Amino acid sequence: MNNISEESCRGRFPWSRVCARRFGRLWSGEPMARRLRISLLGDVVIQLGDDVVTGLPSRAAEALLIYLVCTQRPVAREKLAELLWAERSPTQALTNLRTVLTALRRELGEYLVVTRQTLAFDHRRDYWLDVA
């Protein structure tokens, strides 16, 4: 199956779940929704579909995501900055938050609800959290 291209997979095996999983498409050609899995018991492991998310730059990025998932409502940016970087000035803490948020959006943007004032996790998306 490793030698099969998307074109040949679609032509020869249009019904195949293996093809759909391999190329991230449903039979209709629409992108498959990938479940976000967050494991906190033991080491923190964040997966999107079958792939481990490795693009988060720091533990603060992981902590931000976990906090947003566990919080059922939008959280003010100032509160998050203070929570994650209490030892920094408010200006530096907000700068750090913006930097971490950029990386988080690049990796998992579809799971976030971002406004100028608040951040939240989109709980309508398909996700799994082992401590919930």
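Here are some friendly notes on the predicted model shown above, point by point.

1. **Ground rules.** This is a predicted model, in which local features need pLDDT of at least 70 and side-chain atom pairs count only at pLDDT 80 or more, while totals for chains, interfaces and linings use all residues. Residues are numbered from 1 along each chain as its sequence is written, and side-chain values use heavy atoms, with hydrogens and water left out.

2. **Overall make-up.** The chain holds five helices and seven strands. Helices here are DSSP runs of H or I with at least four residues, strands are runs of E with at least two, and both are numbered from the N terminus. In sequence order the pattern reads α-α-β-β-β-α-β-α-α-β-β-β.

3. **Burial and surface.** Of the 132 residues in the chain, 32% are buried. Buried means under 20% relative accessible area, exposed means over 50%, and partly exposed lies in between, with a 1.4 Å probe and protein chains only. The chain exposes about 8600 Å², and carbon and sulfur atoms supply 49% of that area; accessible areas come from the Shrake-Rupley method with a 1.4 Å probe, and for residues only the protein chains shown count as cover.

4. **Contacts along the chain.** Take the contacts between residues at least 6 apart in sequence: 47% of them join residues at least 24 apart. A contact means heavy atoms within 4.5 Å.

5. **The four-stranded sheet.** An open sheet with mixed pairing is built from four strands in the order β3-β2-β1-β7. The edges are β3 (51–52) and β7 (127–129); each has a single partner strand, so one side of each is left without a neighbour in the sheet. Two strands are said to pair if DSSP finds at least two bridges between them. As background, strands of a sheet pair through backbone hydrogen bonds, either parallel or antiparallel.

6. **Two hairpins.** Strands β1 (residues 36–39) and β2 pair in the antiparallel sense over four bridges, and arginine 37 stands opposite glutamine 47 in β2. Five residues lie between β1 and β2 in their hairpin, and glycine 42 in the turn has a positive phi of about 90 degrees. Strand β2 (residues 45–48) is also antiparallel to β3, over two bridges, with leucine 48 bridged to aspartate 51 in β3. That hairpin has two residues between the strands, and glycine 49 takes a positive phi near 65 degrees.

7. **The two faces of β2.** Which residues of β2 are on the covered face, and which on the uncovered one? Ile46 and Leu48 are on the covered face, while Val45 and Gln47 are on the uncovered one. In a regular strand the side chains alternate between the two faces of the sheet.

8. Tyrosine 111 and phenylalanine 121 are stacked, at 6.0 Å centre to centre and 20 degrees between the planes. Tyrosine 111 sits in the loop between α5 (90–108) and β5 (112–114), whereas phenylalanine 121 belongs to strand β6 (residues 118–121), 10 residues apart. Phenylalanine 121 also forms an edge-to-face pair with tyrosine 127, at 5.0 Å centre to centre and 75 degrees between the planes. These ring pairs link Tyr111, Phe121 and Tyr127 into a cluster. Phenylalanine 121 is buried, with a relative accessible area of 4%, while tyrosine 127 is partly exposed at 23%.

9. **Aspartate 122.** Aspartate 122 lies in the loop between β6 and β7 and counts as buried, at 9% relative accessibility. Its side chain makes a polar contact of 3.0 Å with the side chain of arginine 124; such a contact is a pair of N or O atoms within 3.5 Å, where, within protein, one must be able to donate a hydrogen and the other to accept it, and residues adjacent in sequence count only if both atoms are side-chain atoms. Leaving aside neighbours within four places in sequence, aspartate 122 is in contact with Glu110, Tyr111 and Val113.

10. **Tryptophan 128.** Tryptophan 128 is in strand β7 and is partly exposed, with a relative accessible area of 31%. Arginine 37 lies over the face of the tryptophan 128 ring, 4.2 Å from the ring centre; the rule asks for NZ of Lys or CZ of Arg within 6 Å of the ring centre and within 35 degrees of the ring normal. Not counting residues up to four places away in sequence, tryptophan 128 touches Arg35, Leu36, Arg37, Ile38 and Ser39. The C-alpha atoms of tryptophan 128 and arginine 35 are separated by 7.3 Å, although these residues are 93 apart along the chain.

Technical notes: Rings of Phe, Tyr and Trp (its six-membered ring) pair if their centres lie within 6.5 Å; planes under 30 degrees apart count as stacked, over 60 as edge-to-face and the rest as tilted.
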